[in-house]
Amino acid sequence: MTLGRYATVAALVASIVTAFGCSKKDSSTQTASGETARELTDSELIQNTLNEVVTRWH
């Protein structure tokens, strides 16, 4: 690989890490009514993350 490709790959990886690292995380596990929120499944967490990424890109 050439130096230009290494730089491109490094920039892409850095932007992905920044996008996921700077996303807002809500650490609260209680709803507004005081009930404990249920745990999300892995597929729901993945879908939420993908939705957030697409929203930010748009």
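This text walks through the structure from the whole chain down to single side chains. The model is a predicted one.

Start with the chain as a whole. The protein chain has two helices and zero strands. It counts 58 residues, and buried residues make up 3% of them.

Now turn to helix H1. This helix covers residues 3–21, and Val-13 is found in it. Val-13 has a relative accessibility of 46%. Buried means under 20% and exposed means over 50%, so a residue in between is called partly exposed. Val-13 therefore counts as partly exposed. Val-13 also belongs to a nonpolar surface patch. A patch residue needs over 30% relative accessible area, and Val-13 has 46% relative accessibility.

Ser-15 is placed in helix H1 too. Its relative accessible area is 40%, so Ser-15 is partly exposed. The side chain of Ser-15 has a polar atom that lies 2.8 Å from the backbone oxygen of Leu-12.

Next comes helix H2, which spans residues 42–57. Which two side chains meet here in a salt bridge? They are those of Glu-52 and Arg-56, with 3.0 Å from N to O. The cut-off for a salt bridge is 4 Å, so a distance of 3.0 Å falls within it. Side chains of opposite charge can pair when their charged atoms come close. Glu-52 and Arg-56 sit four residues apart in helix H2, about one turn of the helix. The structure holds one salt bridge.

How covered are the two partners? Glu-52 has a relative accessible area of 28%, so it is partly exposed. Arg-56 is partly exposed as well, because its relative accessibility is 48%.

Methods:
Residues numbered from 1 in each chain as written. Predicted model: local features only at pLDDT ≥ 70, side-chain atom pairs only at ≥ 80, totals over all residues. Heavy atoms only, no water. Patch = residues over 30% accessible without salt bridge, like charges linked within 9 Å, V, L, I, M, F, W, Y side chains within 5 Å. Areas by Shrake-Rupley, 256 points an atom, 1.4 Å probe, with all protein chains shown as cover. Buried < 20%, exposed > 50% of the residue type's maximum accessible area, 1.4 Å probe, protein only. Polar contact = N/O pair within 3.5 Å; in protein donor to acceptor, adjacent residues only side chain to side chain.
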